[in-house]
Amino acid sequence: MTNGLLIVLMAFLFLFLGYLGVPVAFALIAGVIVTAAFTPVGLASIMGQLFNGIDVEALLAVPFFLMVGELMTAANVTTRMIVLSQAMIGHMRGGLAQVVTLFSMFFAGISGSSAADVAVLSRTLGPEMKREGYGAGFIAALIASASTMANLIPPSIMAIVYGATGNVSIGGLFLGGVVPGVLVGIGLMIYSYFFGPSGVRRRRATLPEFGAALRGAALPLVIPVIIMGGILSGYFTPTEAGVVAVLYILLVVIPLLNRGYFRELPRELAHTGLLYSIPLITIAASSAFGWMLAYLRGPAVVSGWLQAMAGNDPQMIMLMLVVLFVIVGDFIDAIPAIIIFMPIINDLTQSADIKPVHMGVVIITTLAFGLITPPYGLALLMAAKFTGVRFARAMIDSLPIYVVFFAAIAFCIYFPDVVLWLPKHFLPQSVGCFPNPSAPGYICP
Amino acid sequence: MVLCGIALSGFTVTVVCDIVTRALGTPWLWLQEVTMTCFVYGVFAGTAAATRRNDHLYLALIAESMSGGKRMAIETFSRLVVLAVAGCMAYFGFINFLSGFHTFRMPSMTPLASFYAAVPLCGVLVALFTVEQLVNGWQHGFEDQE
């Protein structure tokens, strides 16, 4: 069999078994094992690849950022941030819809996972929004769309996986993700204001009320400062920043705000232990899949096709990749997509002379969008389930919101200077700048 | 699941110790090895636990919308695929484990086999849990396992 046929066979087996109900990790491994039988590759080395896929120190950050989100949610600390969001913008038209978006921006700075965000918002604000007359489809669509910001605003698990597998600065990706994250947030607020239900109009919070809400949320809001401050000062790696944030929650936030929660802690630790293994075994399996794809020269073939269509124009190449990832993101989860397609991304990044952080931000924004597109829009699936609405209804209500994501992606492609402004100023080396030998500061090519 | 919690607590403690010892100017280099060992074993133990609890990531759960014989056939087939993959993980993972006795981790010089053992162990556990699910499913129906 030719390499092309083997790649088609491997992809077909993965999708066929996956959609039949085999867990993603096992469907990926099954595809690789069957394909390997037609090549000289030994299956023992495939098992070695499974192992190599997760033997990456940067991936240690994943459980810590998951744990931060889980602890904050389970200890019921997040409600204080909801109260603050309500005090800030609850009086606007579509008040609760605005609160969902603002809270998601705050929460995105603490947790790197959309799942935690969807769970919190569906449980807390979802029922209240229903009472105020918001349609269940709109609620699910908005919560799912807002939760995607967790993958853009640092710390982002997608950025960690992208950086760890693509050898790109994770700090740079964190900072680069701020612009699309804020753009999506502002876009959702504008959409809710002009096109969403008006909800119940509340009075504007008084200054003392706002002050009380701010004091209540002050402790959790220190977490983004710890995480980004530690990384930017160069004192912590992203993994260490994650563990320091966990310690801060365990030693400061929970004892001061919800001491009774400590009884639940052992069970929560065991649950988080299980929770982190699920994406990571998928990373291991995707790594074996990506390795086999590279062995069959798949990246070279695909990047050859893309280059034949787009030439060496960086923006055209990024547009082609966006189209590819919008399609891919419709069918498979973001993490396996990043790992499987990383060799192709790297190939094209080098050949078109694109800054790896810029490419990473564009790809991550596109994959975040994939969380609300059918048939495999994980965030929308979860939000629809939690709010008790049919997935098709939630999907129809999310269609107008796609415009916000298209705008954010296009902005990232066409305005690299704006996207890379933060990394360039705070982590210059992450975007290819180097120290000026004759004067203070950096030279950025 | 308890093992996952222990592994998570284990590498949380070692990362903290790593930061503290580095801050004190006397870093313990072997801590990173312990951290990665806890991390990798935690992932593979969690994989087995997630198999038992049906907690993995799924592309779609077509079978959930079915009932009767069709559902039985699809659920059985998907679990047989998992069983076959688990068997490969156990057997070929064991071969990979044996090859790991010739390479060593720095700085402790521990054979990599101690690390590689996680894959075949995971394969055995996943196979056992899958057989358990198959037997339960055939006896009581797969709907009860949701």
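Start by selecting chain B and colouring by burial: of its 146 residues, 47% count as buried, where buried means under 20% relative accessible area with a 1.4 Å probe and protein chains only. This is a predicted model, in which local features need pLDDT of at least 70, side-chain atom pairs count only at pLDDT 80 or more, and totals for chains, interfaces and linings use all residues. Residues are numbered from 1 along each chain as its sequence is written, chains are lettered from A in the order in which they are written, and side-chain values use heavy atoms, without hydrogens and water.

Keep chain B selected and show its C-alpha trace, which spans about 65 × 30 × 25 Å along its principal axes. The radius of gyration of chain B is 19 Å, whereas a compact globule of 146 residues would have one near 15 Å. In cartoon view, chain B has five helices and two strands, following the pattern α-α-α-β-β-α-α along the sequence.

Next, select residues 157-166 and 356-370 of chain A, which are helices α9 and α18; they pack at an angle of about 135°, with their axes 10 Å apart. α9(A) is therefore oblique to α18(A), since angles under 35 degrees count as roughly parallel, over 145 as roughly antiparallel, 65 to 115 as roughly perpendicular and the rest as oblique.

Finally, show the side chains where the two helices touch, contact meaning heavy atoms within 4.5 Å: α9(A) contributes Met158(A), Ala159(A) and Tyr162(A), and the residues from α18(A) include Pro356(A), Met359(A), Gly360(A) and Leu367(A).

Notes
Axes are lines fitted to C-alpha atoms, for helices over the stretch in contact, and angles run from 0 to 180 degrees between N-to-C directions. Helices (H or I, at least four residues) and strands (E, at least two) are DSSP runs, numbered from the N terminus. The radius of gyration is taken over C-alpha atoms; the globule rule is 2.2 Å times the number of residues to the power 0.38. Buried means under 20% relative accessible area, exposed over 50%, partly exposed in between (1.4 Å probe, protein chains only).
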